[in-house]
Each structure stands twice: as C-alpha cells, then as structure tokens.
Amino acid sequence: MRVKAMLCCVTVNTFWLILLVCIFIRPALFSEVTVITDPKFSTPISNVTAAVGREATLTCVVHDLGAYKVAWLRVDTQTILTIQNHVITKNKRIGITYTEKKTWQLRIKDIRETDRGWYMCQINTDPMKSQMGYLDVVVPPDILDYPTSTDMVVREGSNVTLRCAAVGSPAPAIVWRREAGDNISLQDGEQVSSVEGPTFTIPKVNRLHMGAYLCIASNGVPPSVSKRVMLIVHFPPMIWVPNQLVGAVEGQRMTLECHSEAYPKSINYWTREKGDIVPQGGKYEPVLIDNAYKVVMKLSIKVVSLADFGAYKCIAKNSLGETDGTIKLYKLPKSAINSVETVDGKRRNKSRKGSHFYEANDFIDEEMDSNSKRKDLIIGGNRNDDSYEISTTGVSGAVCLKEMIFRNIQTIITVAVLLFGWKIEAT
C-alpha cells in the first residue's frame, strides 16, 4: 500500500510539473520566436493612378513574415478585403496574388470612380504594423448635354453667350474653336484662333460670326471630346451693285450683276423699271450663285435690242425685309471703242479723242470680213459716281472712214462703167 501511495504522489507531481512547463516555459519559447522573426515592410506602397475601366495593382513587400499574416483593407470604409491569399470581400473585382510570402499584390479590375481612396497593407503583429497607398482614378472628359448650348438662332446685333459644361477627373479644360478653322473676332476687333473657358460671349453678333463652333474638352486622359454648336444669325437682305451704269451697243451679249446678303436665305429676282419680272428663258438668262448667306445675281441678255435699254432692278426678299438695287443699261454708238493697255500687269485707260479710247490692237486688216470687225462693248460703271470705263476691241475711226471712202469709190466706178457700157451699146 505504501508503494502504491508513493507512485500516486510521483504521478501527481509529474502532472503539475508538465502543467507548469506549459504555462511558463512555452510562452517564453514562443515570445523568443516572435522576436527573432519580427516582420518588416521593405518599401513603401507606391501610389497608383489608373483610368476608369482599367486594372490597378497595389504592391506590399514584407520581409521575415514568419507565422504572421498580411491583410489588405479599404481605409475609408474599414473594410477587410483580403487575408493572406484569401479574398474576404464579396466584390468580385478584387483579387490577391503573392510571391514566396514576400510580395502581396492587391488587384482591382474594371476600375470605377468609387474605388478612389487609401488602401492599407497590415501585418497582425502586436502592436499591428501597417502602411498605406493611394489609388487615384482618372476619368476622360465628358460634355454634359445640359447646360451646354445647343444650336442657336439670333438676330444680328444681339449679345450671344455660348456655354460648355464638362466633367472628368482631373477637371477638363475647355477651348472654343471655329469648325472651319477661321479666326474668331473678339469685341476689340482682335482675331484669335481659339477662346478658352466654359463660356464664350459675343457682344453685338454679326453675320461674320455665323457658323459652327466646337467646344473641346480635354484633361490629359484620352480621348478628348468635342461638341458642335451651330450659331445662325438672322438679318434682313442687303444689296450692292458693282456697276450701276452699263453701256452696250445693239446686238452684243451683256451681263448685269448684283450681290446680295440675307439670312434666312432670300428670294432673288429681276424686274424692269415698270415692275415687270424678267422672265427666265428666251433671250434672258438669270443665274444665282449661292454661297451660305451670300448670293451673286447675274442677268445675261443674249442679244441686246433697242427694247432692252433702260433700268433693271435686282430684288432680294426674306421674312425680315426686302431691298433692291438698280442698274441702268444705256445705248452706246457703234463708233465707241476701247483702248486698254497693260503696264506691269495692270490695266490702264488711254484717252485720245473726246471720250473715246483707242488701242494699237484695234487696227485690223482692211480685207478682213466685215462680220469679224464687230466686237463686244462693255461699260463698267462705278457705284459711287457717274464715271465709267469703256472696255471693248474693234476697228479705229480712221480705218472705218478709209474703208467707207474706198467702198464708195468702188461703187461709183462700177456704176459709171455699167452706165457707160449701156450707152455704147445703145449707140
């Protein structure tokens, strides 16, 4: 019995010895291991910039991790994203990769603006060790439909403000340009190729401002975007006449010309001095050459007759008004001729007798067919005064006189011979 009692005492003592070792000695051993494998971050986490829709990667490098674990957290929401190689969040765009328990990479696919912010790489030591990196999400520019201006119709002389609103990250810069590449006229008369800013004001707009403008937004994140704004300026018709006095000889072809400007586009036509509309067809050929708000009106008279001389009116009419210009077509004598001399590439008139003009090229061979001696005659009037220029080619007055005498002598001799011969036969 005594032996049994001694064995029981030994067994109890052994149990308490093992318990003491577990309580006091093992923690000391564990704490000694923890000190030896104290993990450290090798480098700071680099900030990352990524565009919307792309993928971003944040990298955390740890040395001597030992038995500790690495976790990624979203700082602003205190959300645990990953622990070791396990994804904790339910966000399917989040992923984790690691290499040799040293490099831990947090991957975010299909980046959104809401992903912008601070992210923490954390080691579960005591106290906890961590470092943070920032994810910046950039967004290409986008032009808002409102309050961006749409196509505008304004009256000439009013004030116009074009607006362009754009969003993006960073905030976009806005530039205005003309679509055709023309310069923009500022209030002080300065001509510039572009205007910066979300608003562009044109005081006292005129017809020269009419056209398409481009609002271009850019922030360094491709692609830049633009919106087209059409500016339409309404104004009543105006007409100017290059030549108010036009002279012609009977039988020649003549073209009368007027220039008009109007918007909305005008109705253009010709009338005679009594108000009768000049018909199209026959001897008259009215032609309109249209270019935006400008129209060149031409009226060609194929063969000028005596009835064609007089006043002609070119008329332009739109919803804002009506105007007209007058051209007087008057008769010239057939003896009127022109002399135009070219000097250094410029035309110069020469006056020799009265209001007649001559040129050396006007003298032609006497034996030419008489039909070829008839040339066109055009008078170019000046809208500011009654002076005019005769521009034509033909035979000189001296040649005409010489030819007339020569033909008369031939006629007299022929008649005399015929009469003399008849008398001889009668005798």
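Trainee: OK, and what is the mean pLDDT of the chain?

Mentor: The mean is 78, and 70% of the residues reach 70 or more. Residues 1–17, however, have a pLDDT below 50, and beyond near neighbours in sequence that stretch has 0 contacts in the model. Where pLDDT is low, the predicted coordinates should not be read in detail.

Trainee: Switching topic: how many aromatic pairs turn up in the whole structure?

Mentor: The search finds 5, where rings of Phe, Tyr and Trp (its six-membered ring) pair if their centres lie within 6.5 Å, and planes under 30 degrees apart count as stacked, over 60 as edge-to-face and the rest as tilted. One of them is Y98 with W104, a stacked pair at 4.9 Å centre to centre with 15° between the planes.

Trainee: Is W104 buried or exposed?

Mentor: W104 is buried, because its relative accessible area is 1% and buried means under 20%, exposed over 50% and partly exposed in between (1.4 Å probe, protein chains only). Y98, at 39%, counts as partly exposed.

Trainee: And how are F235 and Y293 arranged?

Mentor: They form an edge-to-face pair, 5.7 Å centre to centre and with 85° between the planes. This pair links distant parts of the chain, 58 residues apart, with F235 in strand β20 and Y293 in the loop between β24 (284–291) and β25 (294–301); strands (E, at least two residues) are DSSP runs, numbered from the N terminus. Both F235 and Y293 are buried.

Trainee: Which residue lies over the face of F235?

Mentor: That is R207, at 3.8 Å from the ring centre; a charge sits over a ring if NZ of Lys or CZ of Arg is within 6 Å of the ring centre and within 35 degrees of the ring normal.

Trainee: Last one: where does N219 lie?

Mentor: N219 lies in the loop between β19 (211–218) and β20 (225–240). Its side chain reaches the backbone oxygen of V139 at 2.9 Å and the backbone nitrogen of V221 at 3.1 Å.

Key: Residues are numbered from 1 along each chain as its sequence is written. This is a predicted model: local features need pLDDT of at least 70, side-chain atom pairs count only at pLDDT 80 or more; totals for chains, interfaces and linings use all residues. Side-chain values use heavy atoms; hydrogens and water are left out. Helices (H or I, at least four residues) and strands (E, at least two) are DSSP runs, numbered from the N terminus. A polar contact is a pair of N or O atoms within 3.5 Å; within protein, one must be able to donate a hydrogen and the other to accept it, and residues adjacent in sequence count only if both atoms are side-chain atoms. pLDDT is the predictor's confidence in each residue, from 0 to 100. Contact means heavy atoms within 4.5 Å.
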